[in-house]
Amino acid sequence: MNQLRWDPTLREWVAYATHRQDRTFLPPAEYCPLCPTKPGGFPTEVPREHYDIVVFENRFPSFAPNASNPDGGGSDLTPTAPGRGICEVVLYSDDHDATLATMSERRIRNLIEVWTDRYKELGDSDEVDYVFIFENKGEAIGVTLHHPHGQIYGYPFIPPRPAKELQAAREYRAQNEGRCLHCDLLSQEHEDARRVLTKGEHFTAFIPFYAHFPFEVHVYSRRCAPSIADLESAERRDLASVLKRLLVGYDSLFGFSLPYMMVMHQAPTDGEAYDGIAHFHIEFYPPNRTADKLKYLAGSETGAGAFIMDVLPETSAETLRGKIEGS
Amino acid sequence: MIRLPATRPASSTTSGYTSLESELVNDCREDSLQEDPKVEKERESKDDGRYIIFYTFGDEED
C-alpha cells in the first residue's frame, strides 16, 4: 500500500508504505541481496556474477508507479492521494565492502553518469515532479543493507525542503535583479574562505555559514547549472574529483568510515523553468559531532524546527580541511 | 523579536578568491579521466516485473 496523506498544519504530504516494515534488515554479508548472484548461491537482486553499476526498482518502494487510489479515510481537510512515483536502488559496485570513499575517482565519475541518466529518465515521467538522488550510509543513519548503494526517489510532488529552498531562491532573484541566491552564497564563501574545504575547477566543497550539523558539507557547482543533467563533461569529472577528496577526508576525520546522509538538490521535473533559481548542489549531513557522540534531532530540532549547534562551522571546517589536505 | 535582514544586495562577484584558493585547488585527476566514459546500458525485467538496468563502462576496473 502506497498512500499519501495531507498534513494541513504543515502543508505537506506524508507517504505511507506499510509493506516496508518487512524489508530486509542487516543480513549477514553472505546473504547480502545486493551482491552478485554466485553460481550455486542464493539468488540476489542481481542475476549476474559481476557488475559495474546497477539500478533496479526498489522491492519495498515508498512510492510505486501503480499505486491505487486510497480507499476512504480522507476528507476535504485531510485529503489522500495515491503514492505514485518511482523508487530505485543504485548499486555503486559489486564489491560488498567498498564505500564511495574507497572507490576510484573513475568509478565515482561513472556513477555520476548513471545519476545523470536516471535524472533524465525519471524526470521525463509525467508522474515525477522531483528526482531526489540520495545515499544513507552507516547504521547510525538507519541503513538496513551495508552493500554500497544509494537510492533515487521520483516524487509525485516537490518535497518540502527543496520547495522551501526554491522559494527562497525565487524571492531572492526577484528582489536582487535576477541574481542567483546560491551563486551569491558561493561567492560569499569564496571571499571568506574559512569554511571552504576543497576546490576543483568547477566545484567547491564547503561547510555553510549556517550549517545544521557539525560536519555538514555542501558541494556547489560554480556555474549556475540547474541540474546534474546540465553539467558538462569537464564539470562531471571535476565533481568526481572533489567528491573523492571530501569523502577520503570524511573517513580520516575520526578514523572510521563516516556515516552520512548525502542528498542532491536540483531543478524539479514538473515542466516549469528553474534557470537562475535551482542551482545543482550536493549536501552531506554526517550525524557525528565527535567520534563517539551523535547530533540528534531532538526536541528543538524535530518539534520546533530550530537547530541548535554547539560548534561553529569555521571550527569544524578547519578540522575537516586539515584531514582533506593530509589525506 | 529578531528581524530578518533586509534583502541582501548582491555584493559579490565570483572573482573574489583569496590566497587560500590556490592552496585548496588540488587537481589530482587521473589522466584517463579526461576522456568521457563509454557506457553500455542494458535493461531487463526481473521475475516479479520490476526492471533492472546494468550500466557497464568500458574502462578499467578499480
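Let me start with a question: does Ala193(A) count as buried, exposed or partly exposed? Ala193(A) counts as partly exposed, because it has 18 C-beta neighbours inside 10 Å. The cut-offs are these: buried takes 20 or more other C-beta atoms within 10 Å of a residue's own, exposed takes 12 or fewer, partly exposed is in between, and the C-beta atoms are placed from the backbone.

Before I go on, some housekeeping. This is a predicted model, and local features need pLDDT of at least 70, side-chain atom pairs count only at pLDDT 80 or more, while totals for chains, interfaces and linings use all residues. Residues are numbered from 1 along each chain as its sequence is written, and chains are lettered from A and ligands numbered from 1 in the order in which they are written.

Back to Ala193(A). Find it in the loop between α3 and β8 of chain A. Glu177(A) is another non-glycine with a positive phi, of about 55°. That residue sits in the loop between α2 (160-175) and α3 (181-192) of chain A. Glu177(A) is exposed, because 8 other C-beta atoms lie within 10 Å.

Now zoom out to chain A as a whole. Its secondary structure comes to 6 helices and 12 strands; those are DSSP runs numbered from the N terminus, H or I with at least four residues for helices and E with at least two for strands. The radius of gyration is 20 Å, close to the 20 Å that the globule rule gives for 327 residues, so chain A is as compact as a globular protein of that length. That radius is taken over C-alpha atoms, and the rule is 2.2 Å times the number of residues to the power 0.38. Along the principal axes, the C-alpha trace spans about 55 × 55 × 40 Å. As for burial, 44% of the 327 residues of chain A count as buried.

Chain B is next. Its secondary structure comes to 1 helix and 2 strands, running α-β-β from the N terminus on. Of its 62 residues, 6% count as buried.

So where do the two chains come together in a sheet? Follow the open sheet of 11 strands, in the order β8(A)-β9(A)-β10(A)-β12(A)-β11(A)-β6(A)-β7(A)-β5(A)-β3(A)-β2(B)-β1(B), with antiparallel pairing. Two strands pair if DSSP finds at least two bridges between them. At the edges are β8 of chain A and β1 (39-45) of chain B, each pairing on one side only. From one strand to the next, the twist averages 20°; the axes are lines fitted to C-alpha atoms, for helices over the stretch in contact, and angles run from 0 to 180 degrees between N-to-C directions.

Two pairs from that sheet. Strands β11 (residues 260-265) and β12 (residues 281-285) of chain A are joined antiparallel by 5 bridges, and Met264(A) has Ile282(A) as its bridge partner in β12(A). Then β8 (residues 196-199) and β9 (residues 203-206) of chain A pair antiparallel over 3 bridges. They form a hairpin with 3 residues between them, and Val196(A) stands opposite Phe206(A).

Leaving aside neighbours within four places in sequence, its contacts include Glu189(A), Leu197(A) and Val217(A); contact here has C-beta atoms, placed from the backbone, within 7 Å.

What about the core? The largest nonpolar core has 79 residues, and Leu197(A), Val217(A), Val219(A) and Leu246(A) have the most contacts inside it. A core like this is a set of buried Ala, Val, Leu, Ile, Met, Phe, Trp, Tyr and Cys residues joined through C-beta atoms within 7 Å. Its largest share, 7 residues, comes from α4(A).

Helix α4 (residues 233-253) of chain A is my last stop. Its 21 residues should span 30 Å at 1.5 Å a residue, and the end C-alpha atoms are 31 Å apart, which agrees; the expected span is 1.5 Å times one less than the number of residues. Of those 21 residues, 15 are buried, so the helix is mostly covered. Gly255(A) follows α4(A), with a positive phi near 85°.

Terms used:
Two residues are in contact if their C-beta atoms, placed from the backbone, lie within 7 Å.
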